[in-house]
Every structure is written in structure tokens, then in C-alpha cells.
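Here is a short report on one protein model. Look at the sequence and the structure first, then read on.

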Amino acid sequence: MKAIKKMAMPFVGILTAAVSITLVLCGNPGNMGFCVACFLRDTAGALRLHRAAPVQYVRPEIIGIVLGAFIVSLIKKEFKPRGGSAPLTRFVLGFALMVGALIFLGCPLRMALRIAGGDLNAVVGLFGFAAGIFGGVFFLNKGFSLKRSYDVSKTDGFLSPVAVLILLGLLVLVPSILSFSTEGPGSEHAPLLVALIAGFIMGIVGYISKLCFVAGIRDSVLLKDFYMFGAFIALIIAGIIGNLIFGSFHLGFENQPIAHTDWLWNFLGMLMVGLCSVLLGGCPFKQLVLTGSGNSDSAVTVLGMTAGAAFAHNLGMASSPAGVTTNGMAGYAIAFAAVIFIAVYNTFRKKAQA
């Protein structure tokens, strides 16, 4: 059975690549078939939480992921809402993770898709991502913990699926109260139904496979388990093949879609994402899947990421193809200091007290 599961993970990676490339062909920005960080940023803009006009659109993929995970967890009778594990700390870590992601311009999933599209800046980001994961593994090995979660009421578990359903209702029935980009990445999107179905598929696949884009590297280092790593490698290989077929593979650093060429900040941005993801117990994609399946700790993390996206754009911290801003560098330094404090305190200080 374990061998069968391991063989299934490359298929999960291939399916993820296929869904992502399909979304790009249907209208999503290049190398951004799927990006949880970008999608939360655009959705925050649509809700007018930030004023960056080029990145405002309710991404149906986010809604689909949450609903897909929610429904399959109900069908499998595994919908057991839990929460209460350091919620404010998780909010801050989610916030910091988004600051790093918007410095790099993408989450771990988009990093893999950018590599598959030939973007060598994302290869630099991969080294930073790995460095951040190694840092997180160091703290885990030393005893880092945000303590256990507890069973909570079914009402708490239902709140996230209900919230995204309301968001879908606004998008379909009263779009006039939302903001929509007329240019830039927010104006490029697949048809609503296509995007919703794609997200739904990924929510189901993510829940069943426990897919996490940080787990492949983390588990291979911490547990010598390469189970999840197969999906990551298969995603990149299938993505390269797909991009070659459709003529969207462009190898190099320059002129890549929604990317900048500052190698240091590409590295540092993904370092933050890798470190925060390990401390949180999963990448942004996994946090969304867990949110749909009733985990209120992950829901708080997603709220932190959404707030991070809003602050990053309102305060001019988010990068653009032109590069990293001065505010972005300052914001990164503050966020990174907060993450290190959380990691050190929850590892060494609590250990000393015990």
C-alpha cells in the first residue's frame, strides 16, 4: 500500500502541472496558473483591502480549493474541526510568509511553475526556499512547537466554507461592490467556471494526497522520507514538457512574466516562505486545504496571509517586475526579525522554562 501511495505522488504533480497550464491557456497570467499568494493578494484587492489597481480580482481558484477540501472531508467523514494552537502567532507567521512571497512574487507552487516555464530567477528562489526549510528543520529538531490544537465546534469548521460561498455569491450576483483590475495581472484570468472547477479539483487532490510543497524537502531532511518530493519533481518535469508543447517555455533571467531579476531578494523572499511554512506545518496551498477541512488554525494563517498582502501593497512593500522597493526591504527586515523571535522563543525559551 505504501509503495502504491508513493507511485501516486508523481501523478499528483503531473495533474497539478496540467491544471496550472490549462489555467494559463484559459487566461491566467504566464507562469501563474496557480499561486496561492498571488490569488490571495488579488482577492484582497477585490475586497478593497489594498489600493493596488493592477492586482484586484476575486480568484475563484481560492474558493474552489476550500470547497473541494470541505466536501471530500465530509464524504470521508473526516471533517473534525480543530483549533486553538497559538492563533495570534500563526497570524503573524502567515503575515510574514506573505511579505516574503510578495518580495519573490509567488508562493512555492508558483516557484515550481516558474521553474517549469524556464524562469531561472525561480531557481534562485528554490535555493532560498530550501535554506528556509533547513532553518525551520533546525528549530523543529531543537523542540520548536506551537503546542497542540483542540476539538472545536462544528460551527467554527463551517465558517470558512460559508465565507468563500458568500464571496462566490458576491462575485456572481453583485460584482459591482467589488474592485476589478482593468490592466495588469488582476485583469488576466480564466473564465470563472473554469477557475472554480480547477480550484475544486486541486482542493480534492490536495486533501486526499496531503500535498504540501514544503513537505518534500522538509521530510527528506528531517525524516529521510522522499514520498512528497516525487510530486514536486513530477510537477516541474511535466510543466516543462507542457510549456515546450505550447510554446511558453522561455529559459533565462530576463523578460519573465511577473518576475524580477534581483537574485538576492528572490533568494531571501523564498527563504522567509520556507522558514514560515515549516514553523506553520505546511505551505500556503496546504493551509488553504486544511482551512476547508475545518482547521481553524490554518484559517487564521490564511487570514494572516491576506492581511500581509493588503499591508504589503498599501505600504509599498510588494515587489514588481521593476524590482524590490526600499519599503519592501525594510518590511522584510521587520517581518524576519519577528519570525526569528517566534522561532527562538518557542524553541529555547519554553524549553528552559520547562
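Predicted model: local features only at pLDDT ≥ 70, side-chain atom pairs only at ≥ 80, totals over all residues.

Residues are numbered from 1 along each chain as its sequence is written, and side-chain values use heavy atoms, with hydrogens and water left out.

**The whole protein**

The protein has 14 helices and two strands. Helices (H or I, at least four residues) and strands (E, at least two) are DSSP runs, numbered from the N terminus. The radius of gyration is 19 Å, close to the 20 Å that the globule rule gives for 354 residues, so the protein is as compact as a globular protein of that length. That radius is taken over C-alpha atoms, and the rule is 2.2 Å times the number of residues to the power 0.38. Along the principal axes, the C-alpha atoms fill a box of roughly 55 × 45 × 45 Å.

Of the 354 residues, 55% count as buried. Buried means under 20% relative accessible area, exposed over 50%, and partly exposed in between (1.4 Å probe, protein chains only). The protein exposes about 14,700 Å², and carbon and sulfur atoms supply 70% of it. These areas come from the Shrake-Rupley method with a 1.4 Å probe; for residues, only the protein chains shown count as cover. Among contacts with a separation of 6 or more, 81% join residues 24 or more positions apart. Contact means heavy atoms within 4.5 Å.

**Pocket and cavity**

Both terms rest on a 1 Å grid over the protein atoms alone. A cavity is a set of points where a 1.4 Å probe fits but cannot get out; a pocket is an open set with protein on both sides within 12 Å along at least five of seven lines; lining residues have an atom within 4 Å of a point. Grid points are joined across faces, edges and corners, and a volume is the space filled by probe spheres set on the points.

| Space | Volume | Lining |
|---|---|---|
| Largest pocket | About 460 Å³ | 14 nonpolar, eight polar, one charged |
| Largest cavity | About 30 Å³ | six nonpolar, one polar, no charged |

Ala, Val, Leu, Ile, Met, Phe, Trp, Tyr, Cys and Pro count as nonpolar, Asp, Glu, Lys and Arg as charged, and the others, Gly among them, as polar.

The largest pocket is lined by 23 residues; Ala163, Val164, Val302, Leu303 and Thr306 lie nearest its centre. Which helix gives the most to this lining? It is α7, with seven residues. The helices that each supply at least two residues include α2 (36-46), α7 (154-173) and α13 (296-314).

The count comes to one cavity of 30 Å³ or more. Its lining includes Leu211, Phe213, Gly216 and Met228.

**Single residues**

Most residues other than glycine have a negative phi. Ala86 has a positive phi, near 50 degrees. Ala86 sits in the loop between β1 (82-83) and α4 (87-104) and is partly exposed, at 23%. Ile258 also has a positive phi near 50 degrees. Ile258 lies in the loop between α10 (229-245) and α11 (263-280) and counts as buried, at 16% relative accessibility.

Gly30 is in the loop between α1 (2-25) and α2. Gly30 and Pro185 are 155 residues apart in sequence, yet 9.2 Å apart in space, C-alpha to C-alpha.
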